[in-house]
Amino acid sequence: MALAKVLSGTTVGLESTPINIEVSIEEVGFPAFTIVGMADKAVEESRERVRSAIKSSGLEFPRHRVTVNLTPADLPKRGASFDLPIAIGILIASGALEIEVKDALFFGELSLDGSLRHTPGAITLGTLCEKLNIPNLYLPETNALEASFISGIKPFGVLKLSDLVKHLAGDNNLIATPTHDFNELINAEITYPLDFKEVRGQEQAKRALEIAAAGGHNVAMKGPPGSGKTMLARALPSILPKLTPKEAFEVTKIYSVTGNLPAEESFMKTRPFRSPHHTTSRIGLVGGGSHPTPGEISLAHRGVLFLDEFPELDRATLEALRQPLEDGFVSVSRAAGTMVFPSKFILIVASNPCPCGNLGSSNRKCICNAHQIENYKKRISGPILDRIDIHLEVPAVEIDKLVGNNIVAAEDSTAVRSRVQAARDRQEKRLKDAGLTCNAEMSTRHIKEFCEISNDSQNLLKTAVANMGLSARGYFRILKVARTIADLAGSDTIETPMIAEALQYRTQT
């Protein structure tokens with residue numbers, strides 16, 4: 001009996017854990033190919049992919065009893081990433097490769113012709129190699145650049161199984177991809193699909209979104225259909241500050257694990273913008289499932305989550321946003337354990353004033369009765385609204401701002417982004433010791449330390465809290481927005497007019 005051991009890994013949540021591939025070939029008994037070790041359907045089907053890939057590479061598949069054991073046996077194995085290590089293990093056990101591979105980790109899906117396909121999760125496997133002090137990582141060529149951001153390892157991009165066999169046999173025909181730095185790539189020029197200058201009118205809304213971008217604040221927009229709510233939300237990424245190397249790694253990791261990182265991209269260049277349909281499920285939004293995976297709120301991590309037609313979302317789905325909005329992460333508990341996915345995002349929600357959308361319109365008649373309007377507003381609970389820092393009325397745009405030769409040119413995103421970046425730099429410097437990146441992440445303790453206000457401002461806030469019926473959370477969120485307004489103004493102190501501006505964004509209708 002011949003035995004071979006090859007190291008691979010699998011992703012659990014957002015982290016990878018090592019998986020040992022044990023291959024046994026017995027000459028007694030009928031020819032068979034068995035995979036054990038809690039393998040799912042995709043892993044079991046690798047038998048046919050591996051068999052065909054080995055034959056297509058000009059090698060002989062053993063005509064004996066082949067048993068592949070994936071350990072640890074009590075950990076579920078999912079996906080097609082074990083194809084490559086299984087194939088290498090079979091070739092070593094059969095004697096086609098007379099080597100030991102103790103200093104390497106193998107990962108990748110095989111095609112029937114022996115070529116390797118793009119496989120999700122390469123960046124987490126690179127991190128696993130770094131953690132285990134394994135220098136060599138063999139993976140599909142399209143994934144090599146993705147893993148090159150991990151220092152201390154050599155990612156070898158493999159185009160075909162036959163190329164890897166020759167390399168392991170001593171030809172050394174594969175060249176490791178050089179290590180790259182996120183700093184080199186995130187500073188590249190980026191073209192956004194929508195610029196702020198393309199949004200006509202809505203100066204107050206633009207100002208509010210500039211504050212939201214600078215401080216990471218959540219925004220609720222209410223207005224009639226066609227007033228520009230969706231356009232404003234889609235233009236927001238163009239004024240967000242650039243990703244830091246740490247943030248870029250976090251976002252790239254999530255997109256790599258979930259298979260959302262395009263094969264032609266090796267990392268996320270811009271902050272994410274996610275806009276799920278209002279019929280999305282609770283699991284689709286917050287994550288979960290029998291094998292927990294990140295949902296839309298985690299895919300929007302360090303970016304924007306835009307929920308259009310906000311009141312039309314299922315009530316249970318809306319309420320599932322409470323904890324992630326407050327904590328910046330979501331915990332998904334299952335019998336096998338608990339997964340924690342990051343979810344620090346800017347929430348932008350849009351809604352109509354009533355079911356037909358014409359309530360308050362000067363030229364359109366509302367056909368909703370009072371009961372329908374009240375029920376429409378009640379679809380969004382008070383606790384959810386209380387977690388949104390900025391509330392905006394987005395009225396219909398005047399026709400003079402849409403047509404004619406006297407339209408005033410709007411400020412472009414580059415100019416706005418420069419102010420936002422300067423404000424965010426001030427925040428990062430101030431909050432560095434606290435481990436925070438923006439004002440929206442401040443807790444009550446940080447607010448008391450960094451948001452001191454004068455007696456006049458304090459009196460204004462007391463009056464507003466009494467008249468507006470604000471909660472304690474609402475009070476502190478006003479201070480955080482005022483702190484951001486001060487940062488945009490380049491001020492170390494929060495002045496009374498800044499408190500007043502923050503208060504006007506707290507009014508809910």
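Here are a few notes on this predicted model.

1. Some ground rules. Residues are numbered from 1 along each chain as its sequence is written, and side-chain values use heavy atoms, with hydrogens and water left out. Since this is a predicted model, local features need pLDDT of at least 70 and side-chain atom pairs count only at pLDDT 80 or more, while totals for chains, interfaces and linings use all residues.

2. Overall build. The chain has 21 helices and 18 strands (DSSP runs: H or I of at least four residues for helices, E of at least two for strands, numbered from the N terminus). Its C-alpha atoms fill a box of roughly 85 × 50 × 50 Å along the principal axes. Of its 509 residues, 50% are buried (under 20% relative accessible area; exposed is over 50%, partly exposed in between, with a 1.4 Å probe and protein chains only).

3. Nonpolar cores. These are sets of buried Ala, Val, Leu, Ile, Met, Phe, Trp, Tyr and Cys residues joined through side-chain atoms within 4.5 Å. The largest one has 52 residues, and Leu236, Ile348, Ile390 and Leu392 have the most contacts inside it. Apart from it lies another core of 41 residues, including Leu70 and Leu168.

4. Salt bridges. The whole structure holds 26 (a side-chain nitrogen of Lys or Arg within 4 Å of a carboxyl oxygen of Asp or Glu). One of them pairs Asp83 with Arg49, with the closest N and O atoms 2.6 Å apart. That pair links helix α3 (Asp83) to helix α2 (Arg49), 34 residues apart. Asp83 is buried at 1% relative accessible area, and Arg49 is buried too, at 16%.
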